[in-house]
Amino acid sequence: MYKTNYHIHNELCKHAMGTVMDYADKAFECGFDIIGMSDHAPFRGNPYGFRMDFEEFEEYIFQVKEAKRTYEKRMKVLLGLEIEYMAKHRAYYDELREKYNMEYLILGQHFFDDGHGNELYVYDLPDTTGYVDYAKSVEEALGTGLFSMVAHPDLMFVHDFEWDYNCDKACDIIVDAAVKYGVPLELNANGVRKGKSRFVDGDRYPYPHFKLFEKISDAKVPVMINSDCHQLKELDDEAMKMSHELVKEWNLIYQDVLELR
Ligand SMILES: [Zn+2]
Ligand SMILES: [Zn+2]
């Protein structure tokens with residue numbers, strides 16, 4: 001089994017500490033075999049904030065390639081992005097693959113299209129009805145074949161809403177899409193890192209949510225663990241260990257190596 005981590009940020013995103021090379025150095029020190037840099041993807045005009053400006057994209061690519069060269073033959077370093085999917089950006093995803101040579105894209109729906117032409121921020125959802133639209137946006141994204149993995153598929157559970165029909169339906173849509181398109185789902189250590197607290201549906205992490213992972217286990221969808229680190233000390237910390245323990249506790253199928261698409 002390889003020691004891997006495909007979800008790593010860096011200071012270019014404006015809310016992380018450390019350079020790409022700092023993370024590569026630390027990862028090598030921690031004994032990783034494969035790491036993937038997956039900073040929040042820039043968009044032209046910088047509409048979403050909390051990430052590198054589009055003008056910094058070339059610099060990001062340069063830095064990752066430098067880390068790749070530095071660790072050649074000792075540790076594999078991949079060039080990727082964590083990115084939102086919206087149909088209107090379709091041409092841009094192709095450009096990322098073909099012109100900018102991204103080796104993989106992980107789907108990270110922080111912003112999403114609700115299917116009625118509205119762009120929503122997952123943290124702003126007023127109730128669970130938006131969860132279903134969120135899940136449908138994930139399903140649509142996976143249908144494009146552009147994404148190698150879904151980051152924190154249960155991000156919406158940061159909200160403290162009663163578990164209801166919409167929660168079940170949203171989880172089912174995501175799990176079914178993962179099965180249909182053969183894409184692994186992430187058990188995100190950054191959610192574990194935030195710790196458990198009291199929600200109306202029990203003492204739990206904001207994400208990963210055990211109710212989603214119950215469905216993932218039943219459907220036998222492979223799960224990948226990534227640190228989603230924004231600080232060097234988060235690269236291979238206690239939350240990573242605890243996430244690996246959750247794989248056993250929740251009877252999940254663990255996948256170590258990402259299939260690049
Ligand atoms: Zn971030
Ligand atoms: Zn992330």
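Which elements do the buried residues of H1 pack against? In this predicted model, local features need pLDDT of at least 70 and side-chain atom pairs count only at pLDDT 80 or more, while totals for chains, interfaces and linings use all residues. Residues are numbered from 1 along each chain as its sequence is written, and chains are lettered from A and ligands numbered from 1 in the order in which they are written.

Helices (H or I, at least four residues) and strands (E, at least two) are DSSP runs, numbered from the N terminus. In H1, the buried residues are Val20, Tyr23, Ala24 and Ala27, where buried means 20 or more other C-beta atoms within 10 Å of the residue's own, exposed means 12 or fewer, and partly exposed lies in between, with C-beta atoms placed from the backbone. These residues fall within an arc of 100 degrees seen down the axis of H1, so they line one face of the helix; the arc is that of the directions from the helix axis to the C-beta atoms. They pack against strand S1 (4-8), S2, H2 and S3, contact being defined by C-beta atoms, placed from the backbone, within 7 Å. Just after H1, Gly31 takes a positive phi of about 85 degrees.

Turning to H2, Tyr60, Gln63, Val64 and Ala67 are buried. They cover an arc of only 95 degrees around the axis, which puts them on the same side of H2, whereas Glu58, Phe62 and Arg69 are exposed on the other side. The buried residues of H2 pack against helix H1 (20-29), strand S2 (34-40) and strand S3 (76-83).

Definitions and conventions:
Contact = placed C-beta atoms within 7 Å.
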